[in-house]
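Trainee: Please take me through one part of this model in detail. I would like the strands, their pairing and the aromatic side chains in one connected account.

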Amino acid sequence: MEIIYVYTRKRSEFGRPCSFSDRPAKVNVDIPPDPSVASEFILRNPVDSYVQHTSDMSEHEVNTERVEVESRGVNHVEGGWPKDINPQEVEQTIRFRKKVEKDEHYINTITHLGTLMEHCVKQNNAINIYEEYFGEEEVAEAEDEPPSAKTINVISKLTSFFNVLLSKRDPNVTKRTATHLSWHPDTCKKLAVAYSSLEFQQNTKDMSFDSYIWDLENPNKPELVLKPSSPLVSLEYNPKDSHVLVGGCYNGQIAYWDTRRGGLPVEVSTVEVSHRDPVYGAIWLQSKTGTECFSASTDGQVLWWDIRKLSEPTETLVLDVTRKGLLENALGAVTLEFEPTMPTKFMVGTEQGIVIACNRKAKTPPEKITSTYSGHHGPVYALARNPFYPKIFLTVGDWTARIWSEETKESSIMWTKYHLSYLTDGCWSTVRPAVFFTTRSDGTLDIWDFLFKQNDPSLSLKVCDEPLSSLRLQDNGCVVGCGSKLGTVTLLEISSGLCTLQRNEKTLATAMFERETKREKILEARHRELRLKERARSEAQETEVEEKPVESPHEVLSRARREFFEVIEVELQRRAQAETQCLHGKVLGMGRTQPQHSLPWGRGHGSASVFQVKDHAGEEAAAQGEESQLLKDKEEEEEEKDTA
């Protein structure tokens, strides 16, 4: 059945406004029920129906173009001179200054400006705007709950106390290892990264030699490209002049850059006087000029340089622990350590797992090597003194990180557990004395807090899938940079709990280091005493062996035979004495138990005991006869030996 209702309207009424009216309902169609369909009806209880009244929404994304920023600047040296005056000529400038100082207008201007400046100076003297009013308050303790951080940019899946700030990769097609990192000494907004491939004979023809200086505010491209003659293995900012950097090359040369002059090195050392192996360490020295540095390499040499004259090193030291100064016996240096508060001392970590402590101001070259520390099964990849306790230093090698004291030479005072993967680098925290960082070959960054936990790291973070190769912490202790084997440099912001000095932390760390140092000293003394006793015992045994005459084989055989019969004789005597004692005991026992009012048949028992005594006496006589026979046989054998 179809229901059709047709609405009709005149064309003239199209477009007219609707007029609504209130009227009762009217039935237009009435459909009667059909009883035949009742059998097909299915009762549904309960009846659920859903109606969605919300409007449909759509999401759109737009990826705008990245804004590229380029830093430009002008190096203004000196200006304001007239055109006819050459600023480089000292006489002309002095003559012009005297002429200007006599001018009346100049004098009036200086007098007027002096009054204004005097007001500012007095204001500064009255109020110190840099004064810290609450500096004496104790440092607030860290909260009990674990610290958290706001994620700025996620490069990979990271669930920890860190913010991943940014990640920089080697821009070249052939990826190289980020071998060394160095923060800008002033702003900490720039990072110099040395890139090099340290795998043997893996360098390709199209591999780049460039290293880069990155600006954290503009990470799209490097701020400056450093172009050395050989790939850089180490790179370090000058702490006194942030425009100057020194780098150690793969071919052993030393080069330095001035960022104001571009990416080419200002000067490079000659190959003949440079290292023969890659320069793994280059550090600036504390000097008046700020131009002195020293370097170490796996060729076994430590060279001192002045960048004003790189034609030859100013001083040389051969790392020969035998103190003979032979280069063929020298140990290859992998890492270098220098503490500015100890200007004459430095330390070198070698390929053989030995740390060499040196003193530059010693009179003779052999005296420059003061002591050695041996504790690793492989190369020492990291070596750093504690910034709060210079006599405590950290070494990283093989599968462990070890903490040493200068006072204990034989063993470290503390160490980490053996990891499954190789450790590649490490450093101390600059703000907390008991916190240090280590990197592993499985791409993990470990943070250790020995005051909190010593068996396991306080935090382990999987930074990347490839091995981590280098590590560097900012001076403020809040941002750490990790370089990987594929040239990726990841910057991580540490939570406040790990970069804030805790209450009494210095006191607790001092007590811990002193306690462990004392314990190791006691153990060293005990081991030394045991070694001396063992040495004395071995020397006494050697003396006895030397004094004892050498016996011939015949004499050895005769002595063994004589000792054998002596043992038999002693055993026979012991048995005879035991039987005699047993016999006397039985006889005495029977004499005590014999009744005095015995029956007639009791004499038979008494006579039997007499016969038993006789039997025992016969056995004893037989035993003595056997003993005498053995002695006779022994004497006959000795006579035969003498006749022979």
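**Around the S19–S20 loop**

Mentor: Start with Asp398, which is found in the loop between S19 and S20. Keep in mind that this is a predicted model. Phi of Asp398 is near 40°, a positive value in a residue other than glycine. Is Asp398 buried or exposed? Its relative accessible area is 0%, so Asp398 counts as buried.

Now take the strands on either side of that loop. Strand S19 covers residues 392-397 and carries Phe393. Strand S20 covers residues 400-405 and carries Trp404. Phe393 is buried, at a relative accessible area of 0%. How are the rings of Phe393 and Trp404 arranged? Their centres lie 6.3 Å apart and their planes meet at 5°, so this pair is stacked. The two residues sit in S19 and S20, so the pair ties together parts 11 residues apart in sequence. Both Phe393 and Trp404 are buried.

Phe393 has a further ring partner. The structure holds 18 aromatic pairs. In one of them, the ring centres of Tyr373 and Phe393 are 5.2 Å apart and the planes stand at 75°, so the pair is edge-to-face. Tyr373 belongs to strand S17 (residues 369-374) and Phe393 to S19, so this contact ties together parts 20 residues apart in sequence. Tyr373 is buried too, at 2% relative accessibility.

S17 is one of four strands in an open sheet, ordered S14-S15-S16-S17, with antiparallel pairing. Strand S14 (333-338) and S17 are the edges; each has a single partner strand, so one side of each lacks a neighbour in the sheet. On average, neighbouring strands of this sheet are turned by 20° against each other, direction ignored. The partner of S17 is S16 (residues 354-359), and five bridges join the two antiparallel strands. Within that pairing, Ile354 stands opposite Ser374 in S17. Elsewhere, Phe294, Trp304, Phe338 and Phe346 form one aromatic cluster.

For another set of strands, turn to S23. Strand S23 (residues 435-440) is mostly covered, with six of its six residues buried. In a regular strand, side chains alternate between the two faces of the sheet. S23 shows Val435, Phe437 and Thr439 pointing one way. Phe436, Thr438 and Arg440 point the other way, and all of these residues are buried.

Five bridges join S22 (residues 423-428) to S23, and the two run antiparallel. Leu423 has Arg440 of S23 as its bridge partner. The hairpin from S22 to S23 passes through six residues. S23 and S24 (residues 444-449) also pair in the antiparallel sense, over five bridges.

Asn504 lies in the loop between strand S28 (489-493) and helix H4 (505-547). Its phi is near 60°, again a positive value in a residue other than glycine. Asn504 is exposed, with a relative accessible area of 52%, whereas Asp398 is buried.

Conventions. Residues numbered from 1 in each chain as written. Predicted model: local features only at pLDDT ≥ 70, side-chain atom pairs only at ≥ 80, totals over all residues. Heavy atoms only, no water. Phe/Tyr/Trp six-rings, centres within 6.5 Å; stacked < 30°, edge-to-face > 60°. Buried < 20%, exposed > 50% of the residue type's maximum accessible area, 1.4 Å probe, protein only. Pairing = 2+ DSSP bridges. Axes fitted to C-alpha atoms, helices over the stretch in contact; angles between N-to-C directions.
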